[in-house]
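User: I have a model open and want to go through some local details. Can you take my questions as they come?
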Amino acid sequence: MRTMAKTTPPVAERRPTRFTRHGVTVTDDYAWLRDAGYPEVTDPAILAHLEAENAWFNAAMAGQQPLIDHLFTEMRGRIKEADRSVPQKDGAFLYWIEYEEGAEYKKWWRRPISAGDDATADELIFDETAAAAGKDYFRLGAISVSNDGRLLAYAIDDNGSERFVARIKVIATGDMLPDEIPDTLSGLVWTSDDSALVYARVNDQWRTDTVLLHRLGTAASDDTVLYHEADEGFRVGVGLSASERWLVLSTGDHETGEARLVPAADPTAPQILVRARETGVEYDVDVHDLGDGTEPVLYIHTNDTHENFRLATAPLSKPHEWTTLVEGTEDFYLTGFDLFRDFYVTEGRVRGLDRIEVRSYADPARIEPITFPEASYEAGLADNPEWTTDRLRLTYESMISPATVYDYHVATRALEPLKVQEIPSGYDAALYRTERLEIEARDGTMVPVSIMARKDIAGPAPLYLYGYGAYGIAIGPGFSTGRLSLVDRGMVFAIAHIRGGDDLGRRWYKDGKLDKRTNTFNDFVDVAKGLIERGLTQPGRIAISGGSAGGELMGAVINSDPDLWGAVVAHVPFVDVLNTMLDETLPLTPGEWPEWGNPVEDKAAFDLIRSYSPYDQVRAQAYPPLMVTAGLNDPRVTYWEPAKWVAKLRELKTDDNALLLKTNMGAGHGGKSGRFESLKETAEEFAFILWQLRLSDAG
């Protein structure tokens, strides 16, 4: 491990505050780092401290700048700068996106089907590069073309706060309509006659609690409320059915769902409640509506009878009477479905491996799995906008196979490759190996691990271990050009598919949340120890990384097993768990209680969270080298969580290893925007890791 050799880092002032809950008094010396005026951060002392941390970060990393620059150039060289997506038909047009040479952002194009291959008919419908000009941060949210193809609705966030502003323009002329809709955080869905948009709005606490109807030419303040959610823990959203005849208004939290339907042609009509919410029952719905006078049929994906979900149907006239179409099973985790006019598709996983099945409306027993060439991979449906189609657009990749776009021809069951990710600087898959291991955790559970390494690397080797383990989010064995910069320097790259994600089904998720949360941390540590026992690596030669809830994971495992890690990177880490879960005024807190527990009302939840909350469990011991990132405008993990954590670590840690905090003063949860600007942050992370593992001279 490398130590710091330049002046001294900033030391935050200790200003003890205390509170008592459930008979326990908690002292927080760094609570003052939260600006009382948040989301506006204006306190001079706070800003000065964050800027001092940034200056310390820059000073500490100055010696690595040549490596950072080299890594950035290397990673950029693997990106095809002038690139274009495979055009996709949607109605009367083909749509695609393009990157120009050197551009940070995309351009959105279309061409009328009637124009054939005539490139002179190409029409630029949105230019992200122009929209981002002069902005430190830019993110395009929802983008939606009207049904008649004349208008484009889009939403932009230009500071990282995830409060998008929606605008509408006339595609043919570029003229902007006067309409401006602030505080959107959802799709922008056109009504059937294109006279209005339906969207969800965030309130002052950054909670999407209302679905509104905006009629073109009117003020956003006059928008009609279609649905308001009274439960502050629920979030609402709006979508369109596959046939585009129905609006789907959904609401829910991490364990309960509810949906309503209303005709897209008449959005203020009486809504159809599919089924009233029942705690613990999640469901989502689509409508098979042929528009020929036959009664539409609802398709419902739900966990009401099996935790791995089933697919049920119901007539529109009796939406709450569900009949099983696809049973829930232990073997097949049904993650979703898509309806088309003549067939439907189910997606899921079998022992963590993606599975896509084409199914028949007329013959429920007829199932056509789509097969792929490798034993471990990621695959899924891409954009398939057309209700009537005879093919499916798919994406496929593995840890050693670049992303491939396919069309799957339903009638012939043939996969037609359309585009393989091009790596301009060169890539030879034959140089690499990938495998999937199972390592036994301390409670006997076998935890999958995906491995990638060069074939000429023998253990023990330095190893990069990634984990997330929350919200039922699976981390698939996909491809990354960036990780080649580590693997080609002799590192093994590993993904720990720990509990808390749903990699192996819904039970896998449940076994890493609430009162079983510590399984996630234990799995990660036990995977690392298992990889050491198998001779792949050694203690102190393991670099680990995680962001958000994965940053919480980083905090927990450096508290419990600091000697295992040679370098740690925690991006926007959720580390002040107890304080955040006690604060009902924060944007996400009420909606997060089903995930973490409610320490406000439940003493057992309070005690458990306090026992693992990384900030609360920092103690006097040696810690590994640590790089931490934050976003001043981050509404998900507020900037003060990593700032407080770093301050407390500086106070208590007994080592002289690197401890660096970098706060993006103009960005949010996702860091910098732009495909190359964000790549610079990856280069900084990798340079830090290579520096601390003494691999920084490996070019």
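User: Which residue in β18 is the bridge partner of Trp-246?
Analyst: Pro-263 is the bridge partner of Trp-246. Keep in mind that this is a predicted model.

User: How many bridges join β17 to β18?
Analyst: There are 7 bridges between β17 (residues 246-252) and β18 (residues 257-263). The two strands run antiparallel.

User: What sheet are they in, and in what order do the strands come?
Analyst: They belong to an open sheet of 4 strands, ordered β16-β17-β18-β19, with antiparallel pairing.

User: Which strands stand at the edges of that one?
Analyst: β16 (235-240) and β19 (272-273). Each has a single partner strand, so one side of each is left without a neighbour in the sheet.

User: Next sheet. What is the strand order in the one with β24?
Analyst: The order is β24-β25-β26-β27, an open sheet of 4 strands with antiparallel pairing. Its edge strands are β24 (332-339) and β27 (367-369), each of which pairs on one side only.

User: By how much are neighbouring strands turned against each other there?
Analyst: By 25° on average, with direction ignored.

User: And how many bridges are there between β24 and β25?
Analyst: β24 pairs with β25 (residues 344-350) over 7 bridges, in the antiparallel sense.

User: How many residues lie between β29 and β30?
Analyst: 6 residues, and the two strands form a hairpin.

User: Switching to helices. At what angle do α2 and α12 pack?
Analyst: At about 125°, with the axes of α2 (residues 65-76) and α12 (residues 677-692) 8 Å apart. That makes α2 oblique to α12. The crossing is right-handed.

User: Which residues make the contact?
Analyst: From α2, Leu-67, Ile-68, Leu-71, Phe-72, Met-75 and Arg-76. From α12, the residues are Leu-679, Lys-680, Thr-682, Ala-683, Glu-684, Phe-686, Ala-687 and Leu-690.

User: What does that contact look like by class?
Analyst: The contact of α2 with α12 has 10 nonpolar, 1 polar and 3 charged residues.

User: Backbone geometry now. Where is there a cis peptide bond?
Analyst: Between Tyr-38 and Pro-39, with omega about 20°. Pro-39 sits in the loop between β2 (24-28) and α1 (44-61).

User: Which non-glycine residue has a positive phi?
Analyst: Tyr-471 has one, at about 60°. Tyr-471 is in the loop between β34 (463-466) and α4 (484-487).

User: Why flag those two features?
Analyst: Because most peptide bonds are trans, and most residues other than glycine have a negative phi.

User: Last topic, confidence. What is the average pLDDT of the protein?
Analyst: The average is 94, and 97% of the residues score at least 70.

User: Where does pLDDT stay under 50?
Analyst: Over residues 1-6. For that stretch the model has 24 contacts beyond four places in sequence.

How values were computed:
Residues are numbered from 1 along each chain as its sequence is written. This is a predicted model: local features need pLDDT of at least 70, side-chain atom pairs count only at pLDDT 80 or more; totals for chains, interfaces and linings use all residues. Side-chain values use heavy atoms; hydrogens and water are left out. Axes are lines fitted to C-alpha atoms, for helices over the stretch in contact, and angles run from 0 to 180 degrees between N-to-C directions. Angles under 35 degrees count as roughly parallel, over 145 as roughly antiparallel, 65 to 115 as roughly perpendicular and the rest as oblique. A crossing is left-handed if the near helix is turned anticlockwise from the far one by less than a right angle, and right-handed if clockwise. Contact means heavy atoms within 4.5 Å. Ala, Val, Leu, Ile, Met, Phe, Trp, Tyr, Cys and Pro count as nonpolar, Asp, Glu, Lys and Arg as charged, and the others, Gly among them, as polar. Two strands pair if DSSP finds at least two bridges between them. pLDDT is the predictor's confidence in each residue, from 0 to 100.
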